[in-house]
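Please open the structure in a viewer and keep the selection tool at hand.

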Amino acid sequence: MKETLDLETVEDYFENLKLFILELQFCIENIERLVECKSEGLNIKPISNFLSHYVYLSYSHIAINIYKIYKPEEKRSFQKLFNKFKNFRYSESLRNLMIDNSTKDDQNLIKNKADLLNAVSEIENRIIKYEKILNLIITRRQTFYAHTDPNAGMETERLSDLKEIRDLTLKIYNELYGKLFGRYYMFNGICTLIDEILDDRKFVDEYWKSEEKKLEL
């Protein structure tokens, strides 16, 4: 007999995936903010060693979370959830969700198992197009960030690659979550966590500049 997939399990998957995505968003936006501050002329040299270390840790954390999201064997990956949709029986609570969707005048909502499997198939085909980048990031996680392999000689992932996967992930999450539950999570517009550190650096920098001007008088 097939195992049963209940609504609570599906919601738990989405909650975990949301947390992984938020970590991606925080790290990427913080790195982008550091790039911007250089062009703004902010003097970050006094804390440059810390920031370099932070950026390294952010790249590592991004790779780890992408691994969790896209590695099929991971417990809360997209593919694990997709496999449950394809291979498990649906509980009454999950079936009732789709029955309730069928009563609503919204063509985007998933209203039966066929709709759900079609949505999953479309997403899986979309993910395939990003296999090269995903394999690079996943391999970096396996051979460099988690287990250093001196013989790996792996290409370094670029920020543009990470942003591309981040955007793909946001789209997949909200597309499937939205079609099931009729609502979306606003990942964009999150305040960067590094701003307080940069604001403090700016304050100190401006203070010493004002002190230098006093000496010139």
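The crossing of helix 1 and helix 2 is left-handed; that is, the near helix is turned anticlockwise from the far one by less than a right angle, whereas clockwise would be right-handed. Helices are DSSP runs of H or I with at least four residues, numbered from the N terminus. The model is predicted, so local features need pLDDT of at least 70 and side-chain atom pairs count only at pLDDT 80 or more, while totals for chains, interfaces and linings use all residues. Residues are numbered from 1 along each chain as its sequence is written, and side-chain values use heavy atoms, with hydrogens and water left out.

**Helix 1 and helix 2**

Select residues 7-39 for helix 1 and residues 48-70 for helix 2: their axes come within 9 Å and cross at roughly 150°. Axes are lines fitted to C-alpha atoms, for helices over the stretch in contact, and angles run from 0 to 180 degrees between N-to-C directions. The two helices are therefore roughly antiparallel, a label for angles over 145 degrees.

Helix 1 contributes residues including Phe20, Ile21, Leu24 and Ile28, and helix 2 contributes residues including Tyr54, Val55, Ile62 and Ile69. By class, this contact has 15 nonpolar, four polar and two charged residues. Ala, Val, Leu, Ile, Met, Phe, Trp, Tyr, Cys and Pro count as nonpolar, Asp, Glu, Lys and Arg as charged, and the others, Gly among them, as polar.

**Thr169**

Move to Thr169 in helix 7, residues 159-181. Is Thr169 buried or exposed? Thr169 counts as buried because its relative accessibility is 0%; buried means under 20% relative accessible area, exposed over 50% and partly exposed in between, with a 1.4 Å probe and protein chains only. Beyond its neighbours within four places in sequence, Thr169 is in contact with Ile21, Ile69, Tyr70 and Phe78.

**Salt bridges**

The whole structure holds 12 salt bridges, each a side-chain nitrogen of Lys or Arg within 4 Å of a carboxyl oxygen of Asp or Glu. Select Glu175 and Arg126, whose closest N and O atoms are 3.0 Å apart. Glu175 lies in helix 7 and Arg126 in helix 5 (residues 113-128), so this pair ties together parts 49 residues apart in sequence.

Then select Asp161, which forms a salt bridge with Arg158 at 3.1 Å, N to O; Asp161 is buried at 4% relative accessibility. Finish at Glu73, which pairs with Lys71 at 3.9 Å between the closest N and O atoms. Glu73 is exposed, with a relative accessible area of 57%.

Methods:
Contact = heavy atoms within 4.5 Å. Parallel < 35°, antiparallel > 145°, perpendicular 65-115°, else oblique.
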